[in-house]
Amino acid sequence: MKAIYLTGFMGAGKTTVGKRLGEVLQLPVIDTDAYIEQQVGKTIADIFAEEGEGVFRAYEREVLKKLPTEHIVITTGGGIVIQEENRRFMSNHGIVIYLHCELHELFRRLADDATRPLLMENKQSQMKQLFEQRLPWYRQAHITIDTTNRTVDDIVETIVSLLKSSRF
Ligand SMILES: Nc1ncnc2c1ncn2[C@@H]1O[C@H](COP(=O)(O)OP(=O)(O)OP(=O)(O)O)[C@@H](O)[C@H]1O
Ligand SMILES: O=C(O)C1=C[C@@H](O)[C@@H](O)[C@H](O)C1
Ligand SMILES: [Mg+2]
């Protein structure tokens, strides 16, 4: 099976859903954020603070190309779709699944989270702008799933049945 790439905004549940999906499909799971943190030896927040977002985006691009493209679930950082090169790579090499979530629910899920630098630095209105700017890129995925009022198990079940019944 081709690689499964989970995309979506911060808090959409990529990491959480990906972990469970990997268990159900018995596939290894790699999270690009966690992988970068391990390779660089710094947290995402420290990379942003010390090296800047541009350098983080370069790490993200390099890592995506280095990871396997078969028999794997790859959970991506929320901004992976910003770069056209990344969107093309994921689309050509795997099955891209966009986990959509309404903004009000994203804010609720991330209310107490201090690990996402973009969330710490920006007001809700700026996050809304970022969300709307990225929506068309997220929507280029092969499959879109609205996660807003759904449990992780329910989302995983839907993904598994879509994968079984589709041409993938
Ligand atoms: N379907 C869901 N319903 C309710 N809460 C959820 C759901 N999915 C994820 N969460 C919660 O939302 C928070 C963010 O989830 P997660 O870290 O998986 O998001 P993410 O998409 O990986 O974000 P990022 O892009 O920043 O890495 C976590 O606290 C998680 O438990
Ligand atoms: O949406 C984004 O741009 C980001 C999301 C996170 O997953 C991290 O990749 C980082 O905090 C940037
Ligand atoms: Mg994540």
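The model is predicted, with local features needing pLDDT of at least 70, side-chain atom pairs counting only at pLDDT 80 or more, and totals for chains, interfaces and linings using all residues. Residues are numbered from 1 along each chain as its sequence is written, and side-chain values use heavy atoms, without hydrogens and water.

Colleague: How are H3 and H4 oriented to each other?

Modeller: The axes (lines fitted to C-alpha atoms over the stretch in contact, with angles from 0 to 180 degrees between N-to-C directions) of helix H3 (residues 44-51) and helix H4 (residues 53-66) come within 7 Å and cross at roughly 130°. Angles under 35 degrees count as roughly parallel, over 145 as roughly antiparallel, 65 to 115 as roughly perpendicular and the rest as oblique. H3 and H4 are therefore oblique.

Colleague: Is Thr 15 buried, partly exposed or exposed?

Modeller: UniProt, in an unreviewed entry, includes Thr 15 in the feature "binding site"; such annotations may be inferred rather than shown by experiment. Thr 15 is located in helix H1 (residues 14-25). Exposed means over 50% relative accessible area, and partly exposed lies between the buried and exposed limits. At 45% relative accessibility, Thr 15 is therefore partly exposed.

Technical notes. Chains lettered and ligands numbered in written order. Helix = DSSP H or I, 4+ residues; strand = E, 2+ residues; numbered from the N terminus. Buried < 20%, exposed > 50% of the residue type's maximum accessible area, 1.4 Å probe, protein only.
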